[in-house]
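Dear colleague,

Please find below the structure that I am handing over to you. My findings follow directly after it.

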Amino acid sequence: MTLPSDLADRLGLAPGARAIILNADDFGMCHAANTAIVDLLDAGRIDSATVMVPCSWSPEALAFAASRPDLDIGVHLVLTSEWSRYRWRPLTGTATSLVDAAGFFPVDVASVEQTASDEDVAAELAAQLQAALDAGVDVTHLDNHMGSVYGLETGRDFLRPVFELAARHGLPFRLPRSMDGVGEDAALQATLDAAAAAADASGVVIIDRLWSHPFPLLGEGTPEEETYEQVRDGFIALLRAVPAGVTEIYLHPMVDDEELRSAVDFSATKRGYELRLLRDPAVLQAIEDEALVRVGWRALRDVQRAGVR
């Protein structure tokens, strides 16, 4: 297991603290996402959320975020549009290398890595952040939809423009230092080491590790489909395994309703389960039993802007 960085110390946490950030991705993707995430933020069941600015329901999410500067709201930088019936386009227009033949962001990460120009990516990501700032949001951090800036498919990444953007605005970025808990891959860990060094050189704060659970519902549509109880128990096991340092755990909670099922090709049930488990007393009890320290991205932003070492 890789030793954690000094981030927990820089945050003023006790030695050996096991800190988590519960983040809801895809705020603004649809009304079903907004309804769920607003409820969870208001109830203190999650620590932060990130807005997909190019999506149709982002104005609702951005207006809420602007009205609640006490909450930790970031920007979920978007270069892909993965669903078949509901899609979104770049803010910078369709006369760029960021779109497919239909004029939308590509459905897959590999296409982005193969066809997008660095200049177009930099302009689009800056436009997405600026749109959130112009809407009055006190943006606390940046992360990335589907990992499309990481170079996971072909090895071609877009981290340089991300770090430049994050450093310019004093914002931390979701990038894990370690593969801990997500598999053994020496080559990928070496890539993470190089990326972490670049983030450090840019003065951009990053986390120790990034965890989630499978995006789709295991066995979806079969007699072996996961039950809610299995999803919940798996999530509690994940919480119990959190080691020392700062770990972000991201989910996609949404209301499982007709709108969501019309928008997505699969996993509407899983999105509803994630909303349910974040309200589940058993999950809250597990966090308490494990003495996990919940932190927000605002604290990481404060560390970055203060240059705390």
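In this predicted model, helices α2 and α10 are roughly parallel to each other, because their axes cross at roughly 10° and angles under 35 degrees count as roughly parallel. The axes of α2 (residues 31-43) and α10 (residues 268-279) come within 11 Å. On the α2 side, the contact is made by Ala36, Asp39 and Leu40; α10 contributes Leu275, Leu278 and Arg279.

Asp26 is buried yet has no salt bridge. Arg271, the nearest side chain of opposite charge, is 6.4 Å away from Asp26, whereas a salt bridge requires a distance within 4 Å. The side chain of Asp26 does make a polar contact of 3.5 Å with the side chain of His145. Beyond its neighbours within four places in sequence, Asp26 is in contact with several residues, including His76, His252, Met52 and Met254.

The second topic is Glu248, found in strand β6 (residues 245-251). Is Glu248 buried or exposed? Its relative accessible area is 0%, so Glu248 is buried. The side chain of Glu248 is joined by polar contacts to the side chains of Arg174, at 2.6 Å, and Trp297, at 2.9 Å.

With kind regards

How values were computed:
Residues numbered from 1 in each chain as written. Predicted model: local features only at pLDDT ≥ 70, side-chain atom pairs only at ≥ 80, totals over all residues. Heavy atoms only, no water. Buried < 20%, exposed > 50% of the residue type's maximum accessible area, 1.4 Å probe, protein only. Lys, Arg positive; Asp, Glu negative; His and termini not counted. Polar contact = N/O pair within 3.5 Å; in protein donor to acceptor, adjacent residues only side chain to side chain. Contact = heavy atoms within 4.5 Å. Helix = DSSP H or I, 4+ residues; strand = E, 2+ residues; numbered from the N terminus. Axes fitted to C-alpha atoms, helices over the stretch in contact; angles between N-to-C directions. Parallel < 35°, antiparallel > 145°, perpendicular 65-115°, else oblique.
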